[in-house]
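Welcome! Please take a look at the structure below, and then we will walk through a few of its features together.

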Amino acid sequence: MWNKISSLIFWLHQPDHVARFQRYFGVLQIFNSQPDLKSKSDKKNFNKTQSNKIKSSIPNGVYHPYHERKVTYDTNILDECIQELEHSSSKVEEEKNISSPIDYKITSWFWIWNVDGCVARKVAILWAFFMYVGQATKDILTMPRPSSPPVVHLEKRYVKEYGFPSTHAMFATGIPLSFVLLSYQRYDFPLWIGLICAAIVCIWVCLSRIYLGMHTFLDIIGGTLYALLLIYIMFPYINTIEDFQLNLILSPVICFFLGIFLIKCYPSVKEWSTARSDTTVILGSTFGLLSAAAIMHKLGLLERPLTPPVYSIIAPNLGFCVLRTIIGLLIVYATRQLVKTCVLRVTSALYGLDWKDPEIKRFAKVEMPYYYLTYFSVGFNIAFACPLVFRLIGINRDYSYTEL
């Protein structure tokens, strides 16, 4: 029995399945030609031996669904493959010294201004829990991402992170499902519709990670099951945790230092990757938001509903939604730019570093305050400054039952 399970796990972790998935959807590996450092005679001898090796390892053709034909490998591509092999060792050393560019970064905080604040706070708590545990688990297990080749990595930013479990799969499973279940406790809507939507989001994100070549099928399945396990463990206590956090007198202070403590407890890694900084961003944003919510509650700005749930869903004013999003984005952008600039310059001055050097952000003594304080401030203003501005100019949402 155990042999069958271990064989299945090994099969799911093979990068060849990811490569086939990518090729089916039209992602083919392209080798960039490199400058020739060998003499012509050496190149001819090298070409003969390496061409035979490559030709023997390349299949007769790869099926390309969009062209309804076989994609063959001509001599030009073989030459590029040979040049890639010639310089692969030097390229690895160069890439170690060059930071990977950030392809894109997506944040989804701004929906909080247009939905139920009570549900949003609980989802934020679960989000931080899922991502912290998931990222830490990856850096403890140190299981690599699928190798390239045969896989094509389309998202360079995360290549140096480990692969198992997929935190994108954890996010895509845990957050939509938690959002649906928490909303169902407060609002009247068909549960099956919410579950179908959550499943679609989960499948969509998980398959996209395979398409991008960043995870094996084992990573995706493991992340999905891990998220379901964490929901099972955490969900019964989420209401108690949120009530405790709102009503504790020193809650804002405790939230601030709890985030720092969790970052300090994060497992150390042999080689720098974006995992620690991403985790710091998540913790800073979440604890900043929770601190602001606790202060708003103590100031009496969060209204308790007159009747208990379940409530009917009321369509929002779309014009106010757009205004809240635009104004909120401006406040968040200003907060982020101001705080990150100040924190970077102060920490650089304290440690005698050049604040203009992007490499200093990899130092733990700079990375932690830079990301944590910046995104703690962002999360704080999302839940404090922005709602106050919305109230001041009269575009706030209905707070009569959406806050507590």
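## Lys138 and its surroundings

The side chain of Lys138 reaches 3.4 Å to the backbone oxygen of Tyr162, a polar contact (a pair of N or O atoms within 3.5 Å; within protein, one must be able to donate a hydrogen and the other to accept it, and residues adjacent in sequence count only if both atoms are side-chain atoms). These two residues sit 24 places apart in sequence, with 5.7 Å between their C-alpha atoms. Lys138 belongs to helix H6; helices (H or I, at least four residues) are DSSP runs, numbered from the N terminus.

Is Lys138 buried or exposed? With a relative accessible area of 2%, Lys138 is buried, where buried means under 20% relative accessible area, exposed over 50% and partly exposed in between (1.4 Å probe, protein chains only). Setting aside neighbours within four places in sequence, its contacts include Met143, Arg145, Glu161 and Phe164; contact means heavy atoms within 4.5 Å.

## About the model

This is a predicted model, in which local features need pLDDT of at least 70 and side-chain atom pairs count only at pLDDT 80 or more, while totals for chains, interfaces and linings use all residues. Residues are numbered from 1 along each chain as its sequence is written, and side-chain values use heavy atoms, leaving out hydrogens and water.

Beyond its neighbours within four places in sequence, Phe287 is in contact with Cys255, Leu258, Gly259, Leu262, Tyr372 and Phe376.

## Ser291 in helix H12

Ser291 lies in helix H12 (residues 275-298) and is buried, at a relative accessible area of 1%. Its side chain reaches the backbone oxygen of Pro252 at 3.4 Å, and a polar atom of that side chain is 2.7 Å from the backbone oxygen of Phe287.

## Helices H13 and H14

How do H13 and H14 run relative to each other? The axes (lines fitted to C-alpha atoms over the stretch in contact, with angles from 0 to 180 degrees between N-to-C directions) of H13 (residues 318-351) and H14 (residues 364-383) come within 9 Å and cross at roughly 155°. That makes H13 roughly antiparallel to H14, a label for angles over 145 degrees.

Notes: Helix = DSSP H or I, 4+ residues; strand = E, 2+ residues; numbered from the N terminus. Parallel < 35°, antiparallel > 145°, perpendicular 65-115°, else oblique.
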